[in-house]
Amino acid sequence: MANKKSTALGTQPISKLLVQQAVPASIGILVMSLNMIVDTIFVGRWIGPLAISAITVVIPVTFFIAAIGLAVGIGGSSVLSRALGSGDDDKALRVFGNQITLTFLVSGLLAILGLVFQNTLIEFFGADDSFKDMALTYYRIVLYGIVMLAMCMMGNNVIRAEGKPKFAMYAMILPAIGNIGMDYLLINVLGYGMEGAAWATFASYAVCFAFIVWFFIFKSELRIVPKCLVLTRKIVSEISGLSSVTLARQGVISVLTILLNNVLINYGDALDVASYGIISRMLMFALFPVIGVTQGFMPIASYNYGANQYARVRETIKTSILYAGGLALAIFIIIMTVPDFFVSWFISDSNAQAQAVADNKVLMERTPNALRTVFAATPVIVIQLIGAVYFQAIGKAIPALLLSLTKQGFFLIPLILILPNFFGVWGVWIAFPIADVLSTVVTGYFLRRDVKENLVVLAER
């Protein structure tokens, strides 16, 4: 492969590399989260609060199908980065070809099943009669383009694995800008309501997919030939082992969202689902720089581990935790200080319908304190995030899987099943910081132990 820029991952200073990788990733995540925020603001202000509830119950299935691409992208890119680090360019090409085939086949099958069982799934996800029709309208159209989104999620991670984070950033920025513009046109100007919101989202998937295809044809080091697309057992096994970490995590998040929707409906009402819709958007939006550092960490750690530069891997861990920790503390202070400001983005007092005005007032009363509670343990979560990704980066699938599931799977889901029995809806919100602290303690222990028993020993040989 000519013009092999990925070698910089093993030679440049860690701080410089982390900034180079994390800043574009953060900007891309920021724009993508702003896209989701603006989408939610538009439907909340121009359609009504129940439209937020409708989008919130659709997210689990679309999120899980798209997560196929994310999982294959992250898991396969760990294998790909280590292949590049060890100089095995042929394996890198074969891994990428298998990523393409796996993502297309699995996401396509799930999309078909999702359309066949749409009514059952929407009810299972927590939709009640007050917003079920809106949810189905949004769900059907978005699912038509979900395979494109899965391919984009996969391709974006491969771009970062090549050491070209700016192009990964562009892949997130372009569809976000398109979606915001289409939202304004289709919802506000043409008045297409939920159907307009859905087609705007579909169009954003198409824009992203077109850019990803363009990149791999004209800019990538990975020049795919047809034989690379043929699945091979060994490579699929490697990809699947590490992809299962991300897929399990995203699957648990989808299950968690379904559970949250149903618990909030049972102990509260549709407006509590809308509150969670706002909070979930804020979680991604507010934490964008922390997630960016985490994404920037992975290709650096994977490459240097593959190149046997273990001291650089340790330095990457320390630097990433330091940078992400500072950012998380700043985010915590802002959220604790002005939660009402963020919640007000999603609410319009000018809505002509009296019921919508009343619903908006209830949302404004409930959501700010819930937002504060959910973000209460933000300063400590970086250890859990970096720790889980570290094991994935070095190819240790089982500990990566278990640590990735600690917050949502081992702690948050049980807490959400238990605490509302005593505290009602408030039990849902307090479950989040408790799960954050417990998962951080567990992950921190295993991360420290592996660094001491693995990286230090290997570096001294």
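Author: Start with handedness: a crossing is left-handed if the near helix is turned anticlockwise from the far one by less than a right angle, and right-handed if clockwise. The model here is predicted. In it, the crossing of α15 and α16 is left-handed.

Reader: At what angle do the axes of α15 and α16 cross, and how close do they come?

Author: The axes cross at roughly 155° and come within 7 Å. Angles over 145 degrees count as roughly antiparallel, and α15 and α16 are therefore roughly antiparallel to each other.

Reader: Which residues of α15 and α16 meet?

Author: From α15 come Gln-384, Ala-388, Phe-391 and Gln-392, and from α16 come Pro-399, Ala-400, Leu-403 and Ser-404. By class, this contact has five nonpolar residues, three polar and no charged.

Reader: Ala-388 is in that list. Is Ala-388 buried or exposed?

Author: The cut-off for buried is under 20% relative accessible area. Ala-388 has 5%, so this residue of the model is buried. Its place is in helix α15. Not counting residues up to four places away in sequence, Ala-388 touches Ala-400, Leu-403, Ser-404 and Thr-443.

Reader: How do α11 and α15 cross?

Author: Helix α11 covers residues 288-306 and helix α15 residues 381-393; their axes cross at roughly 25° and come within 9 Å. Angles under 35 degrees count as roughly parallel, which makes α11 roughly parallel to α15. The crossing of this pair is right-handed. On the α11 side the contact is made by Val-290, Thr-294, Phe-297, Met-298, Ala-301 and Ser-302. On the α15 side it is made by Val-382, Leu-385, Ile-386, Val-389, Tyr-390, Gln-392 and Ala-393. The residues of the α11 and α15 contact divide into ten nonpolar, three polar and no charged.

Reader: How do α16 and α17 pack?

Author: Helix α16 (residues 397-404) packs on helix α17 (residues 406-418) at an angle of about 45°, with the axes 5 Å apart. The two helices are therefore oblique to each other. Leu-402, Leu-403 and Ser-404 of α16 and Thr-406, Gln-408 and Phe-410 of α17 make the contact. This contact of α16 with α17 has three nonpolar residues, three polar and no charged.

Reader: Where is Asp-272 found, and which residues is Asp-272 in contact with?

Author: Asp-272 is found in helix α10, residues 270-286. Its relative accessibility is 5%, so Asp-272 counts as buried. Leaving aside neighbours within four places in sequence, Asp-272 is in contact with Leu-264, Arg-366, Val-425 and Trp-429.

Reader: How many disulfides does the structure hold?

Author: A disulfide is a covalent bond between the sulfur atoms of two cysteines. The structure holds zero disulfides.

Note on methods
Residues are numbered from 1 along each chain as its sequence is written. This is a predicted model: local features need pLDDT of at least 70, side-chain atom pairs count only at pLDDT 80 or more; totals for chains, interfaces and linings use all residues. Side-chain values use heavy atoms; hydrogens and water are left out. Axes are lines fitted to C-alpha atoms, for helices over the stretch in contact, and angles run from 0 to 180 degrees between N-to-C directions. Helices (H or I, at least four residues) and strands (E, at least two) are DSSP runs, numbered from the N terminus. Angles under 35 degrees count as roughly parallel, over 145 as roughly antiparallel, 65 to 115 as roughly perpendicular and the rest as oblique. Contact means heavy atoms within 4.5 Å. Ala, Val, Leu, Ile, Met, Phe, Trp, Tyr, Cys and Pro count as nonpolar, Asp, Glu, Lys and Arg as charged, and the others, Gly among them, as polar. A disulfide is a pair of cysteine sulfur atoms within 2.5 Å. Buried means under 20% relative accessible area, exposed over 50%, partly exposed in between (1.4 Å probe, protein chains only).
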